[in-house]
Amino acid sequence: MKHLRIFLLCCQEVFESRGRVFIWLLINLFSPVILMLFWQGATFVSGTSMSISSLTSYFLFLTVGSIFLIAHCERQISVVDIKEGGLSRYLLKPYPYVLIIFLSELAYRMVQGVLGMIVFGALYLLYHSYFAFTLGTEQMMVASFIVAGAYLMSFIYKFIVGMSAFWVTEASGILQFSDMVLFLTAGFLGPFILYPDWYSAIVHMLPFAYMLYVPVISAQGVLDIGELFRVLSIQVMWIVCLIAIAAWMWKRGVRRYTGVGI
Amino acid sequence: MTRYLRLCKVLWQINIKAMRAYRGHTYMMFFTTLGWSLIAFGAMYFVTYRVDKVFGLSRAEILMITSVYGLIMGIMHTLFTANFERFSQLVNRGELYGILIKPVSAQFLVSVLRIHPLSLMRLCIGIAFILLLISQFSISITLTNVMLAIPLLFIGAYMLYCVWFICNMIVVWFHTVDNMMSFMIQASNIGRYPPEMLFATRNVWAFLLVPLTLFSAVPARVMMGTSTLTEIVILCVCALAFHAGSQFLWKRALRSYVSGGV
């Protein structure tokens with residue numbers, strides 16, 4: 001009940017700044033829509049197994065996926081809470097800081113996710129001939145776990161990035177670096193099938209593809225049930241690793257925290 | 001004019017001193033800026049890796065547009081981005097008042113108070129990439145074309161500045177929207193793609209975005225000798241129209257500004 005109340009309070013805060021939420025939605029929509037338009041005019045070199053309909057649906061799922069799955073809590077943690085000293089008030093409360101940030105971020109993702117779904121539905125209704133995805137019931141069940149795992153991974157990763165401010169006062173450089181890595185390796189540019197093989201191999205060894213790219217192709221029905229379970233197990237492995245890093249950083253970071261704020 | 005140039009010199013000195021104060025942040029920003037500028041070109045290189053033609057344009061033409069886009073964004077990020085990012089804070093906290101009472105043009109001060117010298121790296125990388133393209137794709141470029149493209153490049157940059165300025169004025173009326181600059185950067189990404197992409201949609205809303213593709217496409221085409229006079233005229237007319245729009249909105253916005261901070 002306590003968690004639900006805090007979550008509802010966070011939702012209230014989201015509705016309070018609805019203009020901001022709307023702009024974030026536009027930001028998330030813009031890039032995939034532009035890439036979708038670009039790909040529609042492309043003629044591929046021979047030997048590329050990618051149709052326009054599967055590309056369009058990829059970008060459609062990517063749009064909703066990036067709105068719903070990619071957490072944006074790092075600036076709040078690094079600037080407002082650590083650099084400006086806002087963390088002190090949370091440390092005094094009988095409620096874990098990580099949970100407050102998690103619920104607040106979840107509220108943002110859910111509200112934006114709902115808006116994203118509306119856009120998804122509208123685009124699907126208007127241009128359904130361009131979309132191709134096949135997803136069975138079993139696949140859908142496993143894919144939903146993958147989506148949940150992806151959100152968890154994204155949140156913990158951004159929490160870690162935000163905590164870097166414990167060590168460097170001005171963390172905006174690290175934040176931008178993290179955005180850059182995500183942009184390159186999470187599938188924002190398009191399906192990895194269109195890129196050189198070595199690039200795809202490297203990207204699959206990193207956790208970022210499992211935060212967005214893999215959930216997107218899982219939702220599209222590209223992966224069979226065996227592959228979905230393999231993805232799920234990799235995600236669990238990454239979640240455990242990320243939690244371990246986050247716990248280690250939090251323990252040491254709080255000791256360094258001065259609470260002064262600049 | 002001399003006064004403003006002297007002021008620019010002082011502002012550069014102040015900003016370079018600020019860079020020295022946070023050395024760790026500056027090193028990280030160096031790598032991030034380098035990364036993003038390489039991404040601006042590398043991403044398009046990967047995106048077009050298996051592409052033969054896009055909207056009838058060859059890969060070399062697309063990559064040339066991307067390179068010119070990189071040059072213009074280099075100018076924008078060096079001079080304006082940090083200032084526009086701070087604009088919502090100036091309005092929201094009532095700090096714009098401090099700028100308005102200074103005996104120089106407030107629009108000038110709002111636009112160039114914070115400079116990001118590291119972004120000049122984007123310009124250098126853009127030029128290097130253009131030279132690379134010329135040699136790799138054997139593009140024939142004449143000195144006359146380059147001389148004609150340079151003023152158009154600045155006209156394109158000025159047009160983009162006016163568009164960013166107009167959009168940022170919205171903050172004066174809607175205080176909670178602090179992410180307008182992120183949206184504008186995202187929207188400006190469309191400059192990496194050819195205007196044909198928007199014409200192909202035959203959608204009136206997509207046509208509204210055409211000026212945002214012209215700022216990079218026209219100088220790039222002039223450089224390659226494939227542009228038409230109509231395109232050049234449209235770019236100049238758009239720049240003039242957005243200049244008039246920005247002046248008009250700035251005056252209106254100042255009338256609505258209440259200087260009450262939160």
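**View 1. One salt bridge spans the interface of chain B and chain A**. Welcome to a predicted model, in which local features need pLDDT of at least 70, side-chain atom pairs count only at pLDDT 80 or more, and totals for chains, interfaces and linings use all residues. Residues are numbered from 1 along each chain as its sequence is written, chains are lettered from A and ligands numbered from 1 in the order in which they are written, and side-chain values use heavy atoms, with hydrogens and water left out. The salt bridge joins A:Arg20 to B:Asp178, with the closest N and O atoms 2.7 Å apart (a side-chain nitrogen of Lys or Arg within 4 Å of a carboxyl oxygen of Asp or Glu).

**View 2. The side of chain B that touches chain A draws on α2 (23–47), β1 (51–54), α9 (180–188) and α10 (196–199), each giving two or more residues**. Helices (H or I, at least four residues) and strands (E, at least two) are DSSP runs, numbered from the N terminus. The largest share, 11 residues, comes from α2(B). In all, 37 residues from chain B and 39 residues from chain A take part in the contact, meaning heavy atoms within 4.5 Å. About 3600 Å² is buried between the two chains, with 75% of that area from carbon and sulfur atoms; this is the accessible area (1.4 Å probe) lost on putting the two parts together, summed over both.

**View 3. B:Ala187 sits in helix α9 of chain B**. At 3% relative accessibility, B:Ala187 counts as buried (under 20% relative accessible area, with exposed over 50% and partly exposed in between; 1.4 Å probe, protein chains only). Beyond its neighbours within four places in sequence, B:Ala187 is in contact with A:Phe30 and B:Leu212.

**View 4. B:Thr66 lies in helix α3 (residues 59–79) of chain B**. B:Thr66 is buried, at 0% relative accessible area. Not counting residues up to four places away in sequence, B:Thr66 touches B:Ala40, B:Phe41, B:Met44 and B:Arg192.

View 5. Rings of Phe, Tyr and Trp (its six-membered ring) pair if their centres lie within 6.5 Å; planes under 30 degrees apart count as stacked, over 60 as edge-to-face and the rest as tilted. B:Phe84 and B:Trp164 are edge-to-face, because their ring centres are 6.4 Å apart and their planes at 75 degrees. B:Phe84 belongs to helix α4 (residues 81–92) of chain B and B:Trp164 to helix α8 (residues 143–173) of chain B, so the pair ties together parts 80 residues apart in sequence.
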